[in-house]
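Student: Can we go through the aromatic side chains in this one? I'd like to start with how the elements are named.

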Amino acid sequence: MLTLYLSPGSSAMAPHIALHEIGQPFETRVLSFARRDHRDPAFLAINPDGKVPVLLVDGRPLTEVAGIFFYLARRFPAAGLLPEGGAEAEARVVSWMSFLAATVHPARRQGPDAARAAYALAEQRLGGADWAVGGRLSIADIHLFRLFWRFRNASPPDGALFPGLQAHHDRMMQRPAVQRTCAAEAATGYELPA
């Protein structure tokens with residue numbers, strides 16, 4: 001049994017999309033930042049960091065986007081969320097995931113100039129390709145999409161500034177898993193943290 005703890009629009013959106021991509025049944029538990037659900041003792045017993053996402057796998061917690069992604073991609077290989085090509089191709093996905101977590105994600109809190117600079121690097125890394133690694137969707141694309149989705153919605157950039165990222169975003173928005181996730185999270189209501 002898979003249960004995803006999330007707050008709509010937060011980093012948990014990325015594993016939410018991945019769960020829809022793999023097509024396995026799962027449950028969601030929505031936490032409200034406004035009600036401080038992430039500080040409730042019952043949730044802190046699951047994740048002492050008090051952060052989402054958390055994926056319970058048969059009652060055992062997995063935390064952090066990259067860890068959850070890696071589990072889902074390896075556990076459900078038929079979904080094709082890791083590229084073909086062995087260790088080097090998988091390492092390229094890990095490289096993207098590390099770059100997104102260490103460079104792109106924290107840049108938002110450093111101000112608009114830092115965010116634009118980080119997305120300029122992501123644009124350069126993408127290099128006009130449709131997908132981050134291996135010519136098809138991977139967990140790196142889902143993570144990249146969610147971060148750019150948030151950036152676009154928080155402070156829409158000039159579309160000409162990041163044409164590759166915008167095209168990637170638009171491709172992702174056509175995916176049924178992304179559409180289902182966005183619809184489900186919008187119906188609950190976004191309470192994005194500062």
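Tutor: Helices here are DSSP runs of H or I with at least four residues, numbered from the N terminus. Keep in mind that the model is predicted.

Student: Fine. How many aromatic pairs does the structure hold?

Tutor: There are eight aromatic pairs. One of them is Trp96 with Phe99: the planes are at 80 degrees and the ring centres 5.9 Å apart, so this pair is edge-to-face. An angle over 60 degrees counts as edge-to-face.

Student: Where do Trp96 and Phe99 lie?

Tutor: Both are in helix H4, residues 86-107. They are three residues apart, which is about one turn of the helix.

Student: Buried or exposed, Trp96 and Phe99?

Tutor: Trp96 and Phe99 are both buried.

Student: What sits over the ring of Trp96?

Tutor: The charged end of Arg125, 4.8 Å from the ring centre. Arg125 also lies over the face of Phe99, with 4.5 Å to that ring's centre.

Student: Switching topic. Which aromatic cluster does Phe151 belong to?

Tutor: Phe151 forms one cluster with Tyr119, Phe148 and Phe162.

Student: And why is the pair of Phe151 and Phe162 edge-to-face?

Tutor: Because their planes are at 70 degrees, with the ring centres 6.2 Å apart. This pair links distant parts of the chain, eleven residues apart: Phe151 is in helix H6 (residues 139-154), while Phe162 is in the loop between H6 and helix H7 (163-173).

Student: Is Phe162, in that loop, buried or exposed?

Tutor: Phe162 is buried, and Phe151 is buried as well.

Technical notes: Residues are numbered from 1 along each chain as its sequence is written. Side-chain values use heavy atoms; hydrogens and water are left out. Rings of Phe, Tyr and Trp (its six-membered ring) pair if their centres lie within 6.5 Å; planes under 30 degrees apart count as stacked, over 60 as edge-to-face and the rest as tilted. Helices (H or I, at least four residues) and strands (E, at least two) are DSSP runs, numbered from the N terminus. Buried means under 20% relative accessible area, exposed over 50%, partly exposed in between (1.4 Å probe, protein chains only). A charge sits over a ring if NZ of Lys or CZ of Arg is within 6 Å of the ring centre and within 35 degrees of the ring normal.
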